[in-house]
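Subject: Structure handover

Hello,

The structure is placed below, followed by notes on what was found in it. Please read the notes with the model open.

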Amino acid sequence: MMAERGGGRGGGCCPPMDLLRSEPMHLVQVIIPIESAHQTVANLGDLGLIQFKDLNADKSPFQRTYATQIKRCAEMARKLRFFREQMSKAGLLPSAKSLSRADIDMDDLEVKLGELEAELIELNGNGEKLQRTYNELVEYKLVLEKAGEFFHLALSTAQQIEFRSQQTGEESLDTPLLMEQEMTTDSSKQVKLGFLTGLVPRDKSMAFERIIFRATRGNVFLKQAVLEDPVIDPVSGGKVEKNVFLVFYSGEKAKNKIIKICEAFGANRYPLPEDLCKQVLMVTEVSGRLSELKTTIDAGAQLRRNLLQTIAEQYEQWNLLVMREKSIYHTLNMLSIDVTKKCLVAEGWSPVFATKQIQDALQRATFDSNSQVGAIFQILHTKESPPTYFRTNKFISSFQEIVDAYGVAKYREANPAVFTIVTFPFLFAVMFGDWGHGICLLLGAMYFIIRERKLSSQKLGDIAEMTFGGRYIIMMMALFSIYTGLVYNEFFSVPFELFGRSAYACRDLSCRDATTAGLIKVGDTYPFGVDPVWHGSRSELPFLNSLKMKMSILLGVAQMNLGILLSYFNGKFFRNSLNIWFQFVPQIIFLNSLFGYLSLLIIIKWCTGSKADLYHVMIYMFLSPTDDLGENQLFVGQRNVQLVLLLLALVAVPWMLFPKPLILNKQHQNRHQGQSYMPLHGTEDTLQLDAAHDSHAHEEFDFSEVFVHQLIHTIEFVLGAVSNTASYLRLWALSLAHSELSSVFYEKVLLLSLGYNNVLILIVGIIVFIFATVGVLLVMETLSAFLHALRLHWVEFQNKFYEGDGYKFHPFSFSLLSDEEE
């Protein structure tokens, strides 16, 4: 039991923290005047030690008293989310600086947020319009330049052809068939050509050209020019690779078709004067407008950034205030209104130790709100099961979360987390024992622990967040892994003579590669852990297999006995004598008659150095209990002891099965005949006793159902005693696998690369060894051992005593608002 004694003398000291049992809880009722309701709930939120019950569960959210205030808070929260998005786009972070809450009034804040939102929306709208105009002008300038080049090139080419034909007096294929004078003589026969220019996305340019050609039956002339750099599209705002197009057509029908095709392909059209001089003037004019727009856009962006910076300085303060107000009104909506409409009635669960603190908070609220009438605080007596509340710190909380992931403890039930703090990292270390790998894990855990204040305020990824949350578990696992690694004498699978010299030496030079039969004991037994001489010998695997397998059975039986012992403490605490006499006693007898006896034989065999076959002893204990043990006898009178234990194990099964249902049936009959009376209990014990026995008092008793339940429970325990003991052999299997993998990486990668006497091969070997060690042994093996240790605690340990059908204490607390928001 973990406890901090020394807080019981009053005067504001913390009461004793008892992790084995959850905090005593009681149901309280608070009658609050309307005028001080807001301040009262705010003070209780600051305290964070009361879980309110919803007394308006039958009403929809819109029918509740403070629905309007919640809508206001939701609207302000929406505006703050809008500000957060805008700050994120601008690359700004909310400032950590905050003002006191008294400096801000909610009505003033609502008005201010509305004004800031309107101003920001206006700035965004103006900025978007200006940016779109700017992007259009950029495209227009590019069209003028590219299309102007085409016109200029066409004009110069025509002049050159005409000049050559005049010089030679001969006509070529490029010479026009009609002279300019002939074309202008008959105006009725004159053909007027029009043209359109613009930009089309490059990935659509081929399809665009093909569709225009088909739509006009080839009666067009289309020219495209590729732009080297992507341009910002005025519509989408994204960078797009585009081509400038120039298309000549004849007739209005062709023009309308081309315009529709441009719209379908998202091609932006721009006007282009035919006169080259006008084109040059237009380029100059567009460049001037671009320069002006750039200055205007920069000024608007700076103004917008200054506004967002002003918002960022107070964002966290405003966000916290809005969340507080919203949570206060949500809580007020859970309270019922008195018929007089002058007060609110609240009910909720709170720890017994918090009674004085709650009363002080109520008095402060009455004083701060200048109320004439104070809140009334009273304790209600109920048969409803209270929530479970363990006061934990940052070290214990991660272990408590492991237990809660299986199921929250029933109110005042024995808490497995007390023992999990030690047993979980220890069983992990039994499977992971290597003090080199343990040091690597410890360094990783210490990194998170040293930087926990900084990392706790940052947004981490899923895996990093999970690792950071379990940093103290990893630290404990690493420390225990270093210990078991020293016991196994393995440092990245390499043995060291840390605690003295080996007790064995070779009889001659030929024994080094033979077996331990060639070794002789030349000194005292190695003082701590496995003698390093075993590593690398041919007898290493049989020796370590035997050692780790027997050790796994001893650890498993010890932990299962602890679980059964905790069921006794549960029965004693809840004053349930039936569970003590007809569950705890037969279970402890059955388990120890078989596997407790096996554990005793293992210890005796280790102490005496006997060569008895324990498999033979346990098998023939059932098949031939009266036969002589012969060379397998470990102590005098062993056969008689085995007969007694076997008889006790056989008696324990019906002891578990029959008496409890029969006694419960008898109690039920006596209760209904008025022959059994329950004594009155003190107020302190009423809650826990009623919670334990209320289900039997009010449910319809069905003997067949109770008997079948007890039968299932008995069969589960009897079969589980065997399967659970076998399940602990995973400690041996995973420890062996980890050791062998580590040995393979060391011998087949590192030593092999050393043998080549090549620096490059050595560097490659070291890199492969590091990646294999980190990836396989420090990540995959860590996760594997963690999951197996988790299973041993959830199934083999906790099912002996832990019901885990309670529900967590979730107090109304402002300190939890940020977690809920995330």
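Is Ile763 buried, partly exposed or exposed? Ile763 is partly exposed, because its relative accessible area is 45%, where buried means under 20%, exposed over 50% and partly exposed in between, with a 1.4 Å probe and protein chains only.

Two remarks on conventions. This is a predicted model, in which local features need pLDDT of at least 70 and side-chain atom pairs count only at pLDDT 80 or more, while totals for chains, interfaces and linings use all residues. Residues are numbered from 1 along each chain as its sequence is written, and side-chain values use heavy atoms, with hydrogens and water left out.

Overall

The protein chain has 24 helices and 13 strands; these are DSSP runs numbered from the N terminus, helices being H or I with at least four residues and strands E with at least two. Of its 822 residues, 42% are buried. The chain exposes about 45,900 Å², and 59% of that comes from carbon and sulfur atoms; areas are from the Shrake-Rupley method with a 1.4 Å probe, and for residues only the protein chains shown count as cover. Among contacts (heavy atoms within 4.5 Å) between residues at least 6 apart in sequence, 81% join residues at least 24 apart.

Surface patch

Ile763 sits in helix H23 (residues 759-797). Together with Val759, Ile766, Ile767, Ile770, Phe771, Val774, Val779 and Met780, Ile763 forms a nonpolar surface patch with about 870 Å² of accessible area. Patches take residues with over 30% relative accessible area and no salt bridge, joining like charges within 9 Å and nonpolar side chains (Val, Leu, Ile, Met, Phe, Trp, Tyr) within 5 Å.

Helix pair

Helix H15 (residues 540-573) and helix H22 (residues 730-754) have axes that come within 8 Å and cross at roughly 145°. Axes are lines fitted to C-alpha atoms, for helices over the stretch in contact, with angles from 0 to 180 degrees between N-to-C directions. The crossing is right-handed, that is, the near helix is turned clockwise from the far one by less than a right angle. Residues of H15 that meet H22 include Leu541, Asn545 and Lys548; on the H22 side, Leu731, Trp732 and Ser735 are among them.

Salt bridges

The whole structure holds 22 salt bridges, each a side-chain nitrogen of Lys or Arg within 4 Å of a carboxyl oxygen of Asp or Glu. Lys242 pairs with Glu139, the closest N and O atoms being 2.8 Å apart. That pair links strand S7 (residues 242-250) to helix H3 (residues 106-168), 103 residues apart, and both Lys242 and Glu139 are buried.

Lys808 and Glu401 form another, at 3.3 Å between the closest N and O atoms. Lys808 is in the loop between H23 and helix H24 (817-821) and Glu401 in helix H9 (residues 396-406), so this pair ties together parts 407 residues apart in sequence. Lys808 is partly exposed at 29% relative accessibility, and Glu401 is partly exposed at 45%.

Arg72, Asp107 and Glu110 are linked in a salt-bridge network.

Backbone

Most residues other than glycine have a negative phi. Arg217 has a positive phi of about 60°; Arg217 lies in the loop between helix H5 (205-215) and strand S4 (221-226) and is exposed, at 77% relative accessible area. Phe492 has a positive phi near 55°; Phe492 lies in the loop between helix H14 (471-488) and strand S12 (504-506) and counts as buried, at 17%.

Regards
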